[in-house]
Amino acid sequence: MSHRLVIFGANGDLTSRKLMPALARLQQMGKLPSGFSVLGITRDAWGTHRLRETLERHAGDVSLQARNALLSLVEYRRAEATDSSQLVEALKPNREPIIAYLALPPSVFLPTLEALAGASLAEGSRVVIEKPFGEDLASAQALNRLVHQSFPENAVFRIDHFLHLQTVQNVLGLRFANRVFEQLWNRDHVEQVEIVWDESLTLEGRASYYDGVGALKDMIQNHLLQLLCLAGMEAPLALDERTLRDRKIDVLRAVRRLSPEEVERYTVRARYTAGHIGERQVPSYADEEGIDPAHGTETFAQVTLWVDNWRWAGVPFKLRSGKALGRERREIAVHFRPVPHLAFEANDPLPNVVRLLLEPDRLAFGVNLTRPGVLFPLERIELSADFTSQELPAYARLLLQILEGDCTLSIRDDEAEESWRAITPILDAWAQARVPLLEYPAGSDGPTTASQPL
Ligand SMILES: NC(=O)c1ccc[n+]([C@@H]2O[C@H](COP(=O)([O-])OP(=O)(O)OC[C@H]3O[C@@H](n4cnc5c(N)ncnc54)[C@H](OP(=O)(O)O)[C@@H]3O)[C@@H](O)[C@H]2O)c1
């Protein structure tokens, strides 16, 4: 088993805010394997003194002892990740298998994989590729072909850190470890499913990545489609890497490829204009630093999809994600149909909704119950359970699985391609401007058409 983690892009935002703090936490909990070490590849001079500062800032709650212990396991070397001869030099003596973590801009994945192919890595090496995996179906296929030149599929970790959130894993727990929900989890009882990632954040210094990508590719194509898979899949025989991913891909294959007319009718794209989010004044997206308005990038996307199979025929799955919104909402909401007959007078009970809330992670189940006192008045009650006490953040769980060589919760090659296939008709119709780019003020609930019924 490989215990040498080589991080490409070791001075980037992901490494600083997520990977290193996660490693510090794993160190504190004694979960790093013996013999574990980290090699950080950077283009500029970088050293453990910088890492010390980074850990102070982003892992201040981890003990000083654990942070220092991690520092002793890390070294940095300079190399251009896309240059094979520089890589060979940086990886010397290159006798042991490594875990190559590509914490790099997506535009550099392909040339870096080419360089790695030329570096003759030791057998048993693994590769970790951040999202987004490709920018369309053709580029995802090209990446897969290249990856497979150097690594067998079970050594490839295509990352979607959403799969490591406690709530997301509890979609499986709720559905497949309880008799009560799964019986109702189908078209006969479910009216619609919403999968929402609305945030008040704007670009947070990531304009160079985001502009030209947009909400559909950044959030819906990967994270929200993965949630759709878990919410929509059939019961797996086991939770091993093959079975779980087979069940997910069944869902992706069943997602209807929308016709251009359906794209016009069932999708919304928009970007924010100037406004206020709380006290914060936000400029128009088009005026943000590093943005080219001519790219026509959307900061809000909503798509309604159908899973055309026996279980879900006719049930809309509404996937939506937006930036600079007034209300944060991150959840999978399963809306059940109303009761067939209501014996209670003059009441209008809300249909039951199961909400699986993300960050903070929580489960909430809205039920209608009678209140004590007057005869039979109904009251809406929310039964809820908190998952926030999760001891390991998503990136720590993810790293642990990579170290153990368990790719159950990474995206398989065919899944990555099928996710692109599912949204290709939308990308095509949007590229042909069949759906107008609407506007919404920062701090609002998004474009008004997004909340209209289907
Ligand atoms: N940041 C997050 O919260 C987050 C969350 C989820 C996924 N991701 C994914 O993680 C990846 C990295 O994102 P990031 O936010 O960390 O980006 P970033 O802050 O821009 O960092 C990218 C890193 O890659 C390095 N790099 C670029 N080209 C290189 C080359 N040719 N050779 C060697 N190093 C090179 C940069 O080095 P220089 O400083 O020398 O340019 C920098 O260290 C992306 O795929 C992103 O989608 C990020």
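The model is predicted, so local features need pLDDT of at least 70 and side-chain atom pairs count only at pLDDT 80 or more, while totals for chains, interfaces and linings use all residues. Residues are numbered from 1 along each chain as its sequence is written, and side-chain values use heavy atoms, leaving out hydrogens and water.

**Around the ligand**

- The ligand is surrounded by 21 residues, each having a heavy atom within 4 Å of it; the closest are Asn 11, Asp 13, Leu 14, Glu 80 and Lys 131.
- This shell divides into 11 nonpolar, 3 polar and 7 charged residues (Ala, Val, Leu, Ile, Met, Phe, Trp, Tyr, Cys and Pro count as nonpolar, Asp, Glu, Lys and Arg as charged, and the others, Gly among them, as polar).
- Helix α1, residues 13–28, gives the most to the shell, with 3 residues (helices are DSSP runs of H or I with at least four residues, and strands are runs of E with at least two).

**Atom pairs with the ligand**

- A polar side-chain atom of Asn 11 lies 2.5 Å from an oxygen atom of the ligand.
- A polar backbone atom of Leu 14 is 2.7 Å from a ligand oxygen atom.
- A polar backbone atom of Ala 81 is 2.9 Å from a ligand nitrogen atom.

**Second largest pocket**

- Its lining has 20 residues, with Arg 337, Pro 338, Val 339, Asn 352 and Asn 368 nearest the centre of the pocket (lining residues have an atom within 4 Å of a point on a 1 Å grid; a pocket is an open set of points where a 1.4 Å probe fits, with protein on both sides within 12 Å along at least five of seven lines).
- The lining divides into 15 nonpolar, 4 polar and 1 charged residues.
- Strand β15 gives the most to this lining, with 4 residues.

Terms used
Polar contact = N/O pair within 3.5 Å; in protein donor to acceptor, adjacent residues only side chain to side chain.
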